[in-house]
Amino acid sequence: MNEADVALKPRSLSMAEPASIPLVGLTAWQALVERANLQHGQKVFIQAGSGGVGTFAIQLAKHLGATVATTTSAANVELVAGLGADIVIDYKTQDFEAILDNYDLVLHSEDGTTLDKSLRVLKPGGRLISISGPDPAFGDDIGAPWFVKPILRAGSSTTRRRAKRLAVDYSFLFMRANRTQLTEITSPIDAGIIRPILDSVSFFTSTSEAIAYVESGRAKGKVVVTMR
């Protein structure tokens, strides 16, 4: 590991718990803090609230003073509400577009249909940050070859046009390792403000089963693999 990519684990956690943090913690931090500069009193819609990114992002957004709406299944309503979500929508029986309006920020992690609807719940000047589909700026960020950039531009052109018509901002976020941000994330964790949500811990010999479980979509929070 590059020493610039890692940080000391929070003192209050076991060894397994911090393993669940870097991917989801940095994704949430870079979306809500670094890029969106989420402010106290703003409204944010975080999709898939019971997933790894969702469980962390809800807690971080509440720590920042935002009003949080999220989607989940009926079985996980209590979980996400306990993390601080103010509005919990059962995605199987409810249409979030009919419930949410005039939001400042959407953290998008679902499919294209959900993306289109999410643009419409934003207020003019609002922002949608997606972690499930790249845009042209992503090509610049990663130094993509010249022939890749037109592909990225074409793939997101429809969404960018719709966002422009609605006077909202659309961008894609690809998490990057960052020691400084991991260190900042440690403070609210040690203070008990944010807690990692672990669905389960599996031994290395059961890695394939753990991956299959994650891919089933039933995991709540993160699945950690540990060595014996």
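1. Asp86 has a relative accessibility of 43%, which lies between the 20% and 50% cut-offs, so Asp86 counts as partly exposed. The model is a predicted one. Asp86 forms a salt bridge with Lys62, and the closest N and O atoms of the two are 3.0 Å apart. This pair links distant parts of the chain, 24 residues apart: Asp86 is in the loop between helix H4 (77–83) and strand E3 (87–90), and Lys62 is in helix H3. Lys62 is also partly exposed, at a relative accessible area of 29%.

2. How many salt bridges does the structure hold? There are seven in the structure. In general, side chains of opposite charge can pair when their charged atoms come close.

3. Asp116 and Arg162 form a salt bridge in which the closest N and O atoms are 2.6 Å apart. Asp116 belongs to helix H6 (residues 112–120) and Arg162 to helix H8 (residues 149–165), so the pair ties together parts that are 46 residues apart in sequence. Is Asp116 buried or exposed? With a relative accessibility of 19%, under the 20% cut-off, Asp116 counts as buried. Arg162 is partly exposed, with a relative accessible area of 31%.

4. Arg176 and Glu34 meet through their side chains in a salt bridge, at 2.6 Å from N to O. Here too the pair links distant parts of the chain: Arg176 sits in the loop between strand E6 (169–172) and H9, Glu34 sits in helix H2, and the two are 142 residues apart. Arg176 counts as partly exposed because its relative accessibility is 37%. Glu34, at 40% relative accessibility, counts as partly exposed as well.

5. Glu34 deserves a point of its own. Its helix, H2, covers residues 22–35. Leaving aside residues up to four places away in sequence, Glu34 touches Trp29, Arg176 and Gln181. Gln181 is 147 residues from Glu34 along the chain, yet the C-alpha atoms of these two residues are separated by 9.5 Å. Gln181 is also one of the buried residues of H9.

6. What do the buried residues of H9 pack against? They pack against H2 and helix H3 (52–63). The buried residues of H9 are Gln181, Leu182, Ile185, Thr186, Pro188 and Ile189. As a general rule, an α-helix has 3.6 residues a turn, so residues three or four places apart point the same way.

7. The length of H9 can be checked. Helix H9 runs over residues 179–190, and at 1.5 Å a residue its twelve residues should span 16 Å. The end C-alpha atoms are 17 Å apart, which agrees. At the N-terminal end, Asn178 caps H9, with a side-chain oxygen 3.0 Å from the backbone nitrogen of Thr180. Just after H9, Gly192 has a positive phi of about 80 degrees.

8. H3 has twelve residues, and the distance from its first C-alpha to its last is 17 Å, close to the 16 Å expected at 1.5 Å a residue. How many of the twelve residues of H3 are buried? Ten are buried, and H3 is mostly covered. The buried residues are Gly52, Val53, Gly54, Thr55, Phe56, Ala57, Ile58, Gln59, Leu60 and Ala61. H3 is followed by Gly65, whose phi is positive and near 95 degrees.

9. A positive phi also occurs in residues other than glycine. Asn37 has a phi near 50 degrees. Asn37 is found in the loop between H2 and strand E1 (43–46), and at 48% relative accessibility Asn37 counts as partly exposed. Ala167 has a phi near 60 degrees, again a positive value in a residue other than glycine. Ala167 is in the loop between H8 and E6, and its 45% relative accessibility makes Ala167 partly exposed.

10. Which residues form a nonpolar patch on the surface? Phe204, Val225 and Met227 do, and together they have about 320 Å² of accessible area. Met227 is placed in the segment after strand E8 (222–226). With a relative accessible area of 59%, over the 50% cut-off, Met227 is exposed.

Notes. Residues numbered from 1 in each chain as written. Predicted model: local features only at pLDDT ≥ 70, side-chain atom pairs only at ≥ 80, totals over all residues. Heavy atoms only, no water. Helix = DSSP H or I, 4+ residues; strand = E, 2+ residues; numbered from the N terminus. Contact = heavy atoms within 4.5 Å. Patch = residues over 30% accessible without salt bridge, like charges linked within 9 Å, V, L, I, M, F, W, Y side chains within 5 Å. Areas by Shrake-Rupley, 256 points an atom, 1.4 Å probe, with all protein chains shown as cover. Salt bridge = Lys/Arg side-chain N within 4 Å of Asp/Glu carboxyl O. Buried < 20%, exposed > 50% of the residue type's maximum accessible area, 1.4 Å probe, protein only. Expected span 1.5 Å × (residues − 1). Polar contact = N/O pair within 3.5 Å; in protein donor to acceptor, adjacent residues only side chain to side chain.
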